[in-house]
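This briefing goes through selected local features of one protein chain. Please keep the sequence and the structure in view while reading.

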Amino acid sequence: MTEPTSDQLLAFYGDDFTGSTDAMDALSRAGIDTVLFPEPPDPTALEDEGEFADVQAFGVAGTSRSMTPAEMTDELTPVFRELADLDVPLVHYKICSTFDSSPDVGSIGHVVDVAADAFETDSIPLVPAAPPLGRYVVFGNMFARDEDGVYRLDRHPTMSEHPVTPMDESDLRRHLGEQTDRSMALVDVLALRGGREAASERLESAREDAEIVFFDALDDADLRTVGGVLWDAYAEGIDIETESPAFAVGSSGLEYALADHWERENVLAATPEFEPLPPVDRLLVMSGSASPLTSSQIDAALELGFVGIRIDTRALVDPDEADEEYRRVRDEAFEALRRGDSAIIYTARGPDDDAIDETTEYASDRSEAPSNVGRYIGTRQGELLGELVTEADLDRVCVAGGDTCGAVASQLDIYALESRFPLDPGSPLCRARAHAKSVDGLEIALKGGQLGARDYFVRALEGADEW
């Protein structure tokens, strides 16, 4: 194998904050020193004398999953150009592991169209599956696990009813075909199980006819084959001084696949090590997720004795009541933390919570209410968490929900995140780098609503020795 021509193996851009920490988690679990930035970093920070000179991979946490195609063009065009100039062999656009997208919001097809102008490539590989997270693709169709079993994506209890990007098609080529006119092909599970050579031959044939090449993956062995085939075909031997990086799209399954390949090829020198996670005396959880899994995680925390504080979201979007509601929640949370209790602040308990429709309908009927209710509520939750971290002198917090996580990171003025402990696949506990002393060094989990075990918040409080 040709030795990499750069100490950095991979750069990635995440389409939301929780997905970005998911990608960082996959790399960190393999012993790959990884850092996540809320904004594209100053290149000097990654150079020999920079603050992050030793990292092998880094990511940028974006928000493109909630954008229109026009907004995505404005956001991604300059970012892709910056990433295309980096000294890395591969740039990954990280998508949600349930392929959240539509022609109008978070269009993955539009991402490919924008990337084709920034990267020199004849085809773009697309790896949507992430078996470690319970996300599988077989013959181009996606399946996802939840607490009750594995469902085809268009029959999944959450994804089929998603309020923004409901999935009504499990065949990802058909789904993506609504977002781009580019031709597509598939390296299916049979080709993968024929071995690396057979899969490479199938990929070579697919690249002759298609601009986008999907990969199946049902288990870790499939991912292992995908990692080797993809790296060999797209990134191996790139001269980073004269060529643009290869470009790929996929879930964190791509990180798992590449890390497995790099380990087998002895590219990775380090063995993953994480210091045990000690318990903390108090934990604050801020949830903006309506996922049924997050609701179950809230139940587990309340059963343990967390103080539950519901945000009246209808009041929070009413300009006449917002400040009073904010102060009420803040004061109740601070009092609980002052007593030594853990607290969980939440906006909803599952997708059927009446507060969701009531808040949306209330805001839509009033011109003075915020136009983007979700973004507004997430921003206020970020402000609230920032106050409580400082006032209550907290060492560890958890945040659930994609929009909420992005807003919290912005409000806390975090400029970088590193993995502290892999609490659950895709949902690591991170260590924050921030300009404010009260936030710098804070242990913070930024968790997607559909990830983590039922006792996730409980383990975050009580600590863990094994991962």
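Phe139 lies in the loop that links strand 6 (135-138) and strand 7 (141-146). The model is a predicted one, and in it Phe139 has a positive phi of about 50° although it is not a glycine. Most residues other than glycine have a negative phi.

- Phe99 is another residue other than glycine with a positive phi, here near 60°.
- The loop that holds Phe99 runs between strand 4 and helix 3.
- Is Phe99 buried or exposed? Its relative accessibility is 0%, so Phe99 counts as buried.

- Helix 3 spans residues 108-118, and its buried residues are Ile108, Gly109, His110, Val111, Val112, Val114 and Ala115.
- An α-helix has 3.6 residues a turn, so residues three or four places apart point the same way.
- Which elements cover the buried residues of helix 3? The cover includes two helices, helix 2 (69-84) and helix 4 (172-177).
- Strands also take part in covering helix 3, among them strand 4 (90-94), strand 5 (124-127), strand 10 (212-215) and strand 11 (246-250).

**Packing of helix 6 with helix 7**

- Helix 6 (residues 196-209) packs with helix 7 (residues 220-235) at an angle of about 50°, and their axes are 10 Å apart.
- The two helices, helix 6 and helix 7, are therefore oblique to each other.
- The crossing of helix 6 past helix 7 is right-handed.
- On the side of helix 6, the contact is made by Arg196, Ala199, Ser200, Leu203 and Arg207; on the side of helix 7, by Thr225, Gly228, Val229, Asp232, Ala233 and Tyr234.
- By type, the residues of this contact of helix 6 with helix 7 are five nonpolar, three polar and three charged.

**Arg202**

- Arg202 is a residue of helix 6.
- With a relative accessible area of 31%, Arg202 is partly exposed.
- Leaving aside residues up to four places away in sequence, Arg202 touches Ala185, Leu186, Val187 and Ala191.
- Arg202 and Phe421 are separated by 219 residues in sequence and by 38 Å in space, C-alpha to C-alpha.

**Ala400**

- Ala400 belongs to strand 15 (residues 396-400).
- The relative accessibility of Ala400 is 0%, so Ala400 counts as buried, the cut-off being under 20%.
- What does Ala400 touch, not counting residues up to four places away in sequence? Its contacts are Met286, Ser287, Gly288, Ser289, Thr294, Cys405, Lys447 and Phe457.
- Tyr346 is 54 residues from Ala400 along the chain, and the C-alpha atoms of the two are separated by 9.1 Å.

**Confidence**

- The protein chain has a mean pLDDT of 90, with 97% of its residues at 70 or more.
- Where in the protein chain is confidence lowest, and where is it highest? Helix 14 (residues 402-411) is lowest, at a mean of 82, and strand 10 is highest, at 98.
- Over residues 1-6, pLDDT stays under 50.
- For residues 1-6 the model has twelve contacts beyond four places in sequence.
- Where pLDDT is low, the predicted coordinates should not be read in detail.

Note on methods:
Residues numbered from 1 in each chain as written. Predicted model: local features only at pLDDT ≥ 70, side-chain atom pairs only at ≥ 80, totals over all residues. Heavy atoms only, no water. Buried < 20%, exposed > 50% of the residue type's maximum accessible area, 1.4 Å probe, protein only. Helix = DSSP H or I, 4+ residues; strand = E, 2+ residues; numbered from the N terminus. Contact = heavy atoms within 4.5 Å. Axes fitted to C-alpha atoms, helices over the stretch in contact; angles between N-to-C directions. Parallel < 35°, antiparallel > 145°, perpendicular 65-115°, else oblique. Left-handed = near helix turned anticlockwise from the far one by under 90°. Nonpolar A, V, L, I, M, F, W, Y, C, P; charged D, E, K, R; others polar. pLDDT = per-residue confidence, 0-100.
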